[in-house]
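Hi,

Here is the structure I promised to pass on to you.

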Amino acid sequence: MADMERESDSLAYVAPQEAGQADAWTREAGKRGGQQLAEVAEVIPPTIVAAALRLSPGETAVVRRRLILLGGEVIELADSYYPGAVARGTPLAERRKIKGGAPTLLAELGYEARHVSEDLEFRAAQEAELRALALPAGASVLSLLRTSVTEDGAPFEVQHMVMKAPRRLHYEIEVDRHA
């Protein structure tokens, strides 16, 4: 079984990478980690995602669904949602890997996170999550909903991650008090 304890820096996952650098997960996990792009589609997002993106009822968003791997094992389901106005006509709406990760592309498009909120929930896994994460019946998961907002308050990305539990997450946030 893959190592279920790791430290992570949430800010690394919302910050653009330097030119030529890999995405944050590849840098953190190294050769043991990876990800598979499962789907890119325009969808009506779940209610909680639509609310976080401030979408009107029935308004669509582009979703990028990924399987996050560690040691060859799926440890996380990661869905990133973008308003159509942000994603349409960009690589976010294409079924291919984004060099440097989505935060790097988003920054190039003028969307850089200035405020990030995260909601973490420990809950029973849904049937599809049990299958995708190869969990036994009755298993629990950690669900993380991360919303990234621009300096002017506009939400531009909502990530919904479902992770195998038990798991220890350690967050460190450095605040720039001079900004």
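First, a word on burial: a residue is called buried under 20% relative accessible area, exposed over 50%, and partly exposed in between, using a 1.4 Å probe and protein chains only. Please bear in mind that this is a predicted model, where local features need pLDDT of at least 70 and side-chain atom pairs count only at pLDDT 80 or more, while totals for chains, interfaces and linings use all residues. Residues are numbered from 1 along each chain as its sequence is written, and side-chain values use heavy atoms, with hydrogens and water left out. Helices (H or I, at least four residues) and strands (E, at least two) are DSSP runs, numbered from the N terminus.

Let me start with the salt bridges. The term stands for a side-chain nitrogen of Lys or Arg within 4 Å of a carboxyl oxygen of Asp or Glu, and a search of the whole structure gives 9 of them.

One of them joins Glu-42 to Arg-88, with 2.6 Å between the closest N and O atoms. Glu-42 belongs to strand 1 (residues 33-43) and Arg-88 to the loop between helix 3 and helix 4, so this pair ties together parts 46 residues apart in sequence. Both ends are partly exposed: Glu-42 has a relative accessible area of 41%, and Arg-88 has 46%.

Arg-114 and Glu-151 form another, their closest N and O atoms being 3.6 Å apart. Here the link runs from the loop between helix 4 and strand 4 to the loop between strand 5 (140-149) and strand 6, so it ties together parts that are 37 residues apart in sequence. Arg-114 is exposed at 52% relative accessible area, and Glu-151 is exposed too, at 67%.

Glu-129 sits in helix 5 (residues 127-132) and has a relative accessibility of 7%. Leaving aside residues up to four places away in sequence, Glu-129 is in contact (heavy atoms within 4.5 Å) with Leu-77, Arg-123, Leu-135, Val-141 and Val-162.

Now to the nonpolar side. A nonpolar core is a set of buried Ala, Val, Leu, Ile, Met, Phe, Trp, Tyr and Cys residues joined through side-chain atoms within 4.5 Å. The largest one has 12 residues, among them Val-40, Tyr-82, Leu-92, Leu-106 and Phe-156. Helix 3 (84-87) and helix 4 each supply at least two residues of this core, and the largest share, 3 residues, comes from helix 4. Leu-106 touches Tyr-82, Val-86, Leu-92, Tyr-111, Phe-156 and Glu-157, again without counting residues up to four places away in sequence.

Finally, the structure has 1 aromatic pair. Rings of Phe, Tyr and Trp (its six-membered ring) pair if their centres lie within 6.5 Å, with planes under 30 degrees apart counted as stacked, over 60 as edge-to-face and the rest as tilted. The ring centres of Tyr-111 and Phe-156 are 5.7 Å apart and their planes meet at 35°, so this pair is tilted. Tyr-111 is partly exposed, at 26% relative accessible area, whereas Phe-156 is buried, at 3%.
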